[in-house]
Amino acid sequence: MPLLVAGSVAFDTVHTPVAWRERVLGGAAVYFSYAASFFTTVKLVGVVGEDWPDTYTDMLQRQGIDTSGLHVVEGGETFHWKGKYLPNMNDRETLEVHLNVFGDFQPRLPEAYREAPFLFLANGSPRLQSSVLEQTTGPKLVVADTMDLWIREEHDALMALLGRIDGLVLNDAEARLLTEEENLVKAGHAVRALGPRFVVIKKGEHGAMFFGEDEIYVMPAYPTERVVDPTGAGDSFAGGMMGYLAEQREVTPVTLKRALAYGVVAASFTVEDFSLDRLRQIDRSALEERMAAYEQMLRF
Ligand code: AMP
């Protein structure tokens, strides 16, 4: 089933303790789309400037991603994020954020996008997320992501959005910031109390925690020794998760749990190189192979 995603499309400059890359392809919606494209048809909503190479759009299209909702602003510059990882490769510092054309993006969804039954509101301003949600015709499942910038600067708009979505994925520091709860289990419950039916707290190399109506569980990260650049891990996680749910066409406790596992596996590939470089080398069978190994690890 079609899966709609709206969010940042970016150039990222990333410094890790051992290497760095300047202005590589990134953005929450890009990582998400690519990871989800292994499972289902993805429709991307985003904005770029004149500096955006057509070759990136071609590459996304070759992956089956519908880019008719990717708006190009003439004379504009693409969103640029600059970040630096600490030696533990888990924590990072944002050095610069240039929202550029993303800052005042007012999305207009192509007609063919509006009925998509699965919607992911990737990282972006809650006002933009709400505007996308309002243009859809009642999706079956709406999940959103957020981050510290929006929790601090657009708190009220974020609170309003939380009352209108089914699920929220966010990382541990963001969950603590949003709820002022240090304990993550308390934070998970507190986020659910703000609206979403389920919450996934991502903990980087420590995996993810799920909070639903009737259950809580943890999913460890897939152990890989080749951690080159964690950027996009969270978005790839969400892409694997939502992609699988859209493929399965139904959201039950069983499909959700398996979806989280696919998310973990998709993220484990992303961190193995900069940008989308590792994801671009794999196919569905590589995902399935790692998924089988992951299932084996969790059986006891
Ligand atoms: P992740 O590592 O999964 O949390 O996501 C990293 C991606 O988020 C990068 O590719 C950035 O371009 C993008 N990003 C960083 N800051 C923001 C922001 N304020 N709004 C939207 N996207 C962002």
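Colleague: Let me start with the strands: which residue in E3 is the bridge partner of Val14?

Modeller: That partner is Arg21. Before we go on, please keep in mind that this is a predicted model. To read a strand pair, take the direction together with the bridges. Here, strand E2 (residues 10-15) and strand E3 (residues 20-26) run antiparallel and are joined by five bridges. The link from E2 to E3 is a hairpin of four residues.

Colleague: In which sense do E2 and strand E6 pair, parallel or antiparallel, and over how many bridges?

Modeller: E2 and E6 (residues 79-85) pair in the parallel sense, over six bridges. If you want a place to look, find Phe11, whose bridge partner in E6 is His80. So E2 is largely enclosed by the rest of the structure, with five of its six residues buried.

Colleague: Let's turn to a helix. Which residues of H6 are buried?

Modeller: For burial, the cut-off is a relative accessible area under 20%. In helix H6 (residues 172-179), the buried residues are Glu174, Ala175, Leu178 and Thr179. They line one face of the helix, because they fall within an arc of 115° when you look down the axis of H6.

Colleague: What covers the buried residues of H6?

Modeller: Several elements contribute, among them helix H4 (148-153), helix H5 (155-162) and helix H7 (184-193). The cover also includes strand E10 (167-171) and strand E11 (198-202).

Colleague: What should I look for at the start of H6?

Modeller: Look at Asn171: one of its side-chain oxygens reaches to within 3.2 Å of the backbone nitrogen of Ala173. Just after H6, look at the backbone instead, where Glu180 takes a positive phi of about 60°.

Colleague: Now the ligand. Which residues around the ligand come nearest?

Modeller: There are 20 residues around the ligand, and Ser8, Asp12, Gly27, Gly232 and Asp235 come nearest. Next, check the polar atoms. A polar backbone atom of Gly27 lies 2.7 Å from an oxygen atom of the ligand. For Gly232, too, a polar backbone atom is 2.7 Å from a ligand oxygen. With Asp235, an N or O atom in the side chain is 2.7 Å from an oxygen atom of the ligand.

Colleague: How much of the accessible area of the ligand does the protein cover?

Modeller: On its own the ligand has 510 Å² of accessible area, and the protein covers 94% of that. E2, E6, H4 and helix H8 (233-248) each give two or more residues to the shell around the ligand. H8 supplies the largest share, three residues.

Colleague: Could we try a loop residue? Where is Gln135 found?

Modeller: Gln135 sits in the loop between helix H3 (126-134) and strand E9 (141-145). Its relative accessibility is 15%, so Gln135 counts as buried. A polar atom of the Gln135 side chain lies 3.3 Å from the backbone oxygen of Ser131. Setting aside residues up to four places away in sequence, Gln135 touches Pro107, Arg108, Leu109 and Arg114.

Colleague: And is Arg114 buried or exposed?

Modeller: Arg114 counts as buried, because its relative accessibility is 15%. Its place is in the loop between strand E7 (92-98) and E8. A polar atom of the Arg114 side chain lies 2.8 Å from the backbone oxygen of Leu109. Beyond its neighbours within four places in sequence, Arg114 has contacts that include Gln135, Thr136 and Thr137.

How values were computed. Residues are numbered from 1 along each chain as its sequence is written. This is a predicted model: local features need pLDDT of at least 70, side-chain atom pairs count only at pLDDT 80 or more; totals for chains, interfaces and linings use all residues. Side-chain values use heavy atoms; hydrogens and water are left out. Buried means under 20% relative accessible area, exposed over 50%, partly exposed in between (1.4 Å probe, protein chains only). The arc is that of the directions from the helix axis to the C-beta atoms. Contact means heavy atoms within 4.5 Å. A polar contact is a pair of N or O atoms within 3.5 Å; within protein, one must be able to donate a hydrogen and the other to accept it, and residues adjacent in sequence count only if both atoms are side-chain atoms. Two strands pair if DSSP finds at least two bridges between them. A residue is near a molecule or strand if one of its heavy atoms lies within 4 Å of it. Accessible areas come from the Shrake-Rupley method with a 1.4 Å probe; for residues, only the protein chains shown count as cover.
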